[in-house]
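Here is a friendly walk through the packing of one chain, from its inside to its surface. Please keep the viewer open as you read.

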Amino acid sequence: MKTNKWLTFLIITCLFLATGLFSCSDHTLPGSVSFGVCTDVHNDLIPDGVARLTAFIEEMNRSDVDFIIQLGDFCRPYPANDTFLSTWNSFEGPAYHVLGNHDMDGG
């Protein structure tokens, strides 16, 4: 019987995610990892970017996650975004970035 590679991939991925979600749901378990993810904040396009990012950072600090990551379309490289970046940098642990297609617009 020929196995469909995409079906096998989907099943393995679902099992991996389910195992990861259940094993990481309690941050007190030995070896567990918790993290926060945000994406598409679009600070330059949506007016309440600082407020939304502040709420995220405050919750992540309160939740004592191991790290945070933003997945792109965060803000453009303009001096006007220094306050926004300071908010991101107020996280009390490691913070990572992935560049989005709009992060380099005009800069």
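## Core, rings and surface

Leucine 53 is in contact (heavy atoms within 4.5 Å) with Phe74, Phe84, Thr87 and Trp88, leaving aside its neighbours within four places in sequence. This is a predicted model, in which local features need pLDDT of at least 70 and side-chain atom pairs count only at pLDDT 80 or more, while totals for chains, interfaces and linings use all residues. Residues are numbered from 1 along each chain as its sequence is written, and side-chain values use heavy atoms, with hydrogens and water left out.

Leu53 also belongs to the largest nonpolar core, which has 13 residues; Leu53, Phe56, Ile57, Ile68, Phe74 and Trp88 have the most contacts inside it. Such a core is a set of buried Ala, Val, Leu, Ile, Met, Phe, Trp, Tyr and Cys residues joined through side-chain atoms within 4.5 Å. Two or more residues of this core come from each of α2 and α3 (82–89), and α2 gives the most, with four residues. Helices (H or I, at least four residues) and strands (E, at least two) are DSSP runs, numbered from the N terminus.

Which residues does phenylalanine 56 touch, not counting those up to four places away in sequence? They are Gly36, Val37, Cys38, Ile68 and Trp88. Phenylalanine 56 sits in helix α2 (residues 49–63). Threonine 87, in helix α3, is in contact with Val50, Leu53, Thr54 and Ile57, again leaving aside neighbours within four places in sequence.

The table gives relative accessible areas; buried means under 20%, exposed over 50%, and partly exposed in between (1.4 Å probe, protein chains only).

| Residue | Relative accessible area | Class |
|---|---|---|
| Phenylalanine 56 | 15% | buried |
| Threonine 87 | 12% | buried |
| Phenylalanine 74 | 3% | buried |
| Phenylalanine 84 | 1% | buried |
| Valine 33 | 37% | partly exposed |

Now to the rings. Rings of Phe, Tyr and Trp (its six-membered ring) pair if their centres lie within 6.5 Å; planes under 30 degrees apart count as stacked, over 60 as edge-to-face and the rest as tilted. The count comes to four aromatic pairs. In one of them, phenylalanine 67 and tyrosine 96 have ring centres 5.8 Å apart and planes at 75°, so the pair is edge-to-face. Phenylalanine 67 lies in strand β2 (residues 67–70) and tyrosine 96 in strand β3 (residues 95–97), so this pair ties together parts that are 29 residues apart in sequence. Phenylalanine 74 and phenylalanine 84 form a tilted pair, 4.7 Å centre to centre with 50° between the planes. Phe35, Phe67 and Tyr96 form one aromatic cluster.
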